[in-house]
Amino acid sequence: MSFELKYTPNICPYCGCGCGLNIVTLNGKIKGVEGWKRHPVNEGKLCPKGNFSYQFVQSKDRLKHPLIKKNGKFIEISWDKAVDIIVSKLNEYRKENPNSIAFLASARCTNEENYILQKFARVAIGTNNIDHCARLCHAPSVAGLAQTFGSGAMTNSILDIEEAESIFIIGSNTAEQHPIIWRRVLKAKNKGAKLIVADPRKTPTASLADIHLPIKPGSNIALINAMMNVIIEEGLEDTDFIKKRTKGFEKLKEVIEKYKPEKVEKIVGVPAKKIREAAITYAKADRATILYAMGITQHTTGTHNVISTANLAMLTGNIGKKGTGVNPLRGQNNVQGACDMGALPQFYPGYQKVTDKNATEKMQKIWKCDDLSSEPGLTVVEMMDAAIDGKVKCMYIMGENPVLSDPDIKHVKKALKNLEFLIVQDIFLTETAEFADIVLPTTAWGEKNGTYTSTERRVQCIRKAADGPGEAKDDWRIICEIAKRMNVNGFEFNSTKEIFNEIRKVTPQYAGMNFKRLQKPGGLQWPCPDESHPGTPILHTEKFATPDGLGKFIPVEHEEPAELPDDRYPFILTTGRILFHYHTGTMTRRSETLDNEVSTGFVEINDKDASKLGIKDGEIVKVMTRRGEIKIPAKVTSKVREGVLFIPFHFVECAANMLTSTNYDPISKIPEFKVSAANIEKLED
Ligand SMILES: Nc1nc2c(c(=O)[nH]1)N[C@H]1C(S)=C(S)[C@@H](COP(=O)(O)OP(=O)(O)OC[C@H]3O[C@@H](n4cnc5c(=O)[nH]c(N)nc54)[C@H](O)[C@@H]3O)O[C@H]1N2
Ligand SMILES: Nc1nc2c(c(=O)[nH]1)N[C@H]1C(S)=C(S)[C@@H](COP(=O)(O)OP(=O)(O)OC[C@H]3O[C@@H](n4cnc5c(=O)[nH]c(N)nc54)[C@H](O)[C@@H]3O)O[C@H]1N2
Ligand code: SF4
Ligand SMILES: [Mo]
């Protein structure tokens with residue numbers, strides 16, 4: 001009997017840390033994974049999701065054949081027929097109005113797949129209606145850091161967190177959501193670094209903080225402005241850095257004057273003394289770094305929150321050297337890449353604006369077309385609104401599950417029902433796929449080649465270790481096939497390497513990369529402008545990426561969240577994640593080991609609040625907001641602030657997004673997942 005054991009080097013398919021692992025196959029079947037010991041990011045270590053990542057791939061629920069809905073039921077059809085129908089529908093809507101079609105790309109998919117989908121939307125259809133979950137995630141980072149620093153990505157690298165003397169984590173539960181980055185935080189702590197954590201909950205991250213600031217959700221700007229007030233009062237600002245490398249300081253100073261900690265402690269919900277202590281600890285360190293995530297971005301003030309973090313770092317000169325920086329921890333395995341590839345309604349690949357004539361001319365030349373649209377397309381939430389208004393009639397969703405991940409599920413379902421034609425391309429029959437007219441089965445991680453770009457701008461290869469199930473095809477192959485059948489040129493690719501070579505041509509940050517260079521463990525970090533360039537671990541070392549090279553202070557003021565507690569909805573509901581599950585659970589809930597750890601959702605409520613309402617730990621309660629209500633087990637704990645409730649959004653049976661609102665940040669259009677006015681009640685007997 002033959003016996004072939006193989007290790008295929010890969011990158012973890014879950015979060016943005018970009019950990020290396022080997023997929024272990026026996027006779028061509030995936031059997032397990034093993035941490036990649038010489039990988040620079042994780043050095044062989046994996047968190048539970050990485051460790052059990054091989055399980056979802058083998059789930060018996062994997063989609064194996066294209067499906068079409070007939071009389072409300074899905075039946076199998078051939079690829080040939082499925083593509084025929086899709087081509088005729090897309091042609092029909094395109095002729096009527098290209099903007100009646102909208103696309104969702106995927107941060108789960110590779111750079112090559114996202115590149116091809118946005119090219120398809122722009123070249124084959126003629127619309128910029130393409131967006132993806134970055135809108136629900138780090139759109140404010142892209143918008144906010146572009147204004148202040150000229151580039152919307154993590155300024156430093158995971159490894160150099162170890163060099164920091166002080167680490168300020170705001171709105172990130174790093175220990176659970178970016179465990180391998182957390183490992184570096186712990187290493188820095190062991191070397192003596194001080195850890196400050198601002199989070200309304202005493203998360204596993206906050207539990208190890210030297211200073212925990214359990215702030216009220218939505219008070220980030222007031223907190224950071226107050227910290228800057230203290231820093232200026234104490235004379236701890238870096239005058240040299242401010243003078244040489246920035247502009248706008250005087251205006252910032254004027255605004256900050258109003259934010260004495262004693263004045264804003266009520267807004268922030270933390271004693272002034274603690275705010276002072278945090279400010280001084282951050283500012284006195286020689287090298288201080290800021291790590292942030294959804295607690296900063298998912299607010300109606302998301303972009304301003306991000307700008308605040310940039311102001312704080314520039315004020316203290318903590319930019320451009322090891323152990324410093326402003327570091328948005330990107331969420332998904334390839335969300336940085338999906339943004340870099342232009343799966344965004346206002347940008348071509350490499351953040352070149354669709355409204356910029358020169359950029360459009362350049363793209364038309366390379367893509368050999370002459371009618372690219374210069375009108376920015378719709379964002380995720382706007383697409384759903386447009387579907388309800390009948391302006392968007394057809395959607396193509398590749399690797400997203402908006403029915404569970406977008407705010408206000410009732411609203412999303414109404415939008416999807418109102419579409420005339422919906423195509424969903426996924427590895428499972430998701431809650432969103434249930435609404436589709438046609439479902440296309442794709443290969444998953446482990447079954448395909450390509451590249452992912454991790455949170456630290458690190459571009460790395462993933463490699464096929466086994467065949468996909470049934471008739472599943474690679475995402476990019478499906479789209480190229482549709483384009484070819486529509487007689488559109490420019491999709492004649494035979495491999496991901498060929499696609500990457502085109503990506504290099506159009507994306508300046510990737511110009512110096514090629515598949516050969518990317519084979520080395522850890523790949524390359526962008527910007528990498530030419531083939532002799534070693535890649536860039538730290539941004540803005542000499543100057544910022546702004547047109548004049550200066551960092552820009554932009555003063556921002558505290559603003560209340562869109563919904564505030566009132567008599568009817570006296571609590572603030574905030575939502576998020578847990579260690580063992582990932583997003584809408586399509587993958588982790590099909591992974592036996594992970595699902596055994598936590599098998600359903602819960603609402604965290606402070607023990608004092610619970611005792612006032614007579615709610616016991618484990619009891620099923622009702623949580624409601626203006627959008628709807630859910631029944632869910634209560635988790636009574638002292639770890640969440642009084643007046644605040646927390647629900648993870650992974651679980652369909654008690655879905656957090658039944659409750660969240662579509663209020664969004666006017667600049668980046670991110671919805672306010674982190675604040676809704678809510679009530680909680682015991683069930684009637
Ligand atoms: N296990 C696991 N890991 C993941 C994911 C997953 O689903 N599961 N998803 C990945 C993705 S896509 C992302 S974007 C990241 C997200 O990673 P994180 O942002 O770390 O995760 P969240 O739980 O959404 O939110 C973080 C914290 O924000 C706090 N918070 C709420 N409101 C506020 C506020 O106003 N201010 C402050 N300072 N804090 C607030 C919450 O209490 C919560 O602890 O995780 C990635 N990693
Ligand atoms: N209430 C609340 N809601 C939130 C958030 C929150 O904090 N609170 N966070 C938001 C954030 S930050 C994010 S990033 C979004 C995430 O929102 P989504 O991206 O919609 O969530 P996922 O569950 O990751 O969906 C990914 C889909 O891709 C499929 N998939 C996996 N691999 C492949 C592949 O190779 N090809 C294809 N075609 N499909 C594949 C999976 O089966 C799944 O259906 O959720 C947002 N929603
Ligand atoms: S930290 Fe993120 S990338 Fe690393 S093993 Fe865990 S889920 Fe995978
Ligand atoms: Mo995310």
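A nitrogen atom of ligand 1 lies 3.2 Å from a polar backbone atom of Gly171, a polar contact being a pair of N or O atoms within 3.5 Å. The model is predicted, with local features requiring pLDDT of at least 70 and side-chain atom pairs counted only at pLDDT 80 or more, whereas totals for chains, interfaces and linings use all residues. Residues are numbered from 1 along each chain as its sequence is written, chains are lettered from A and ligands numbered from 1 in the order in which they are written, and side-chain values use heavy atoms, without hydrogens and water.

Further contacts of this kind involve Gln177, where a polar backbone atom is 2.8 Å from a nitrogen atom of ligand 1, and Ile578, where the corresponding distance is 2.9 Å. On its own, ligand 1 has 910 Å² of accessible area (Shrake-Rupley method, 1.4 Å probe), of which the protein covers 100%. The elements giving two or more residues to the shell of ligand 1 are helix H6 (174-177), helix H14 (294-297) and strand E23 (571-576); helices (H or I, at least four residues) and strands (E, at least two) are DSSP runs numbered from the N terminus.

Ligand 1 is surrounded by 35 residues, the closest being Asn173, Asp199, Gly218, Arg577 and His581; a residue is counted if one of its heavy atoms lies within 4 Å of the molecule. By class, this shell comprises 12 nonpolar, 17 polar and six charged residues. Here Ala, Val, Leu, Ile, Met, Phe, Trp, Tyr, Cys and Pro count as nonpolar, Asp, Glu, Lys and Arg as charged, and the others, Gly among them, as polar. Because domain 3 (139-328) and domain 4 (571-682) both contribute residues to the shell, ligand 1 lies between them; the domain bounds come from an automatic or database assignment.

The residues around ligand 3 are Cys12, Tyr14, Cys15, Cys17, Gly18, Cys19, Leu46, Cys47, Lys49, Gly50, Pro179 and Ile180. Helix H1 (48-51) and helix H7 (179-190) are the elements that supply two or more residues to this shell. Its composition is nine nonpolar, two polar and one charged residues.

Two backbone features were also identified. The peptide bond from Trp526 to Pro527 is cis, with omega near 0°, and Pro527 is placed in the loop between strand E21 (524-525) and strand E22 (551-552). Glu43, a residue other than glycine, has a positive phi near 45°; Glu43 belongs to the loop between strand E3 (29-35) and H1.

Technical notes:
Polar contact = N/O pair within 3.5 Å; in protein donor to acceptor, adjacent residues only side chain to side chain.
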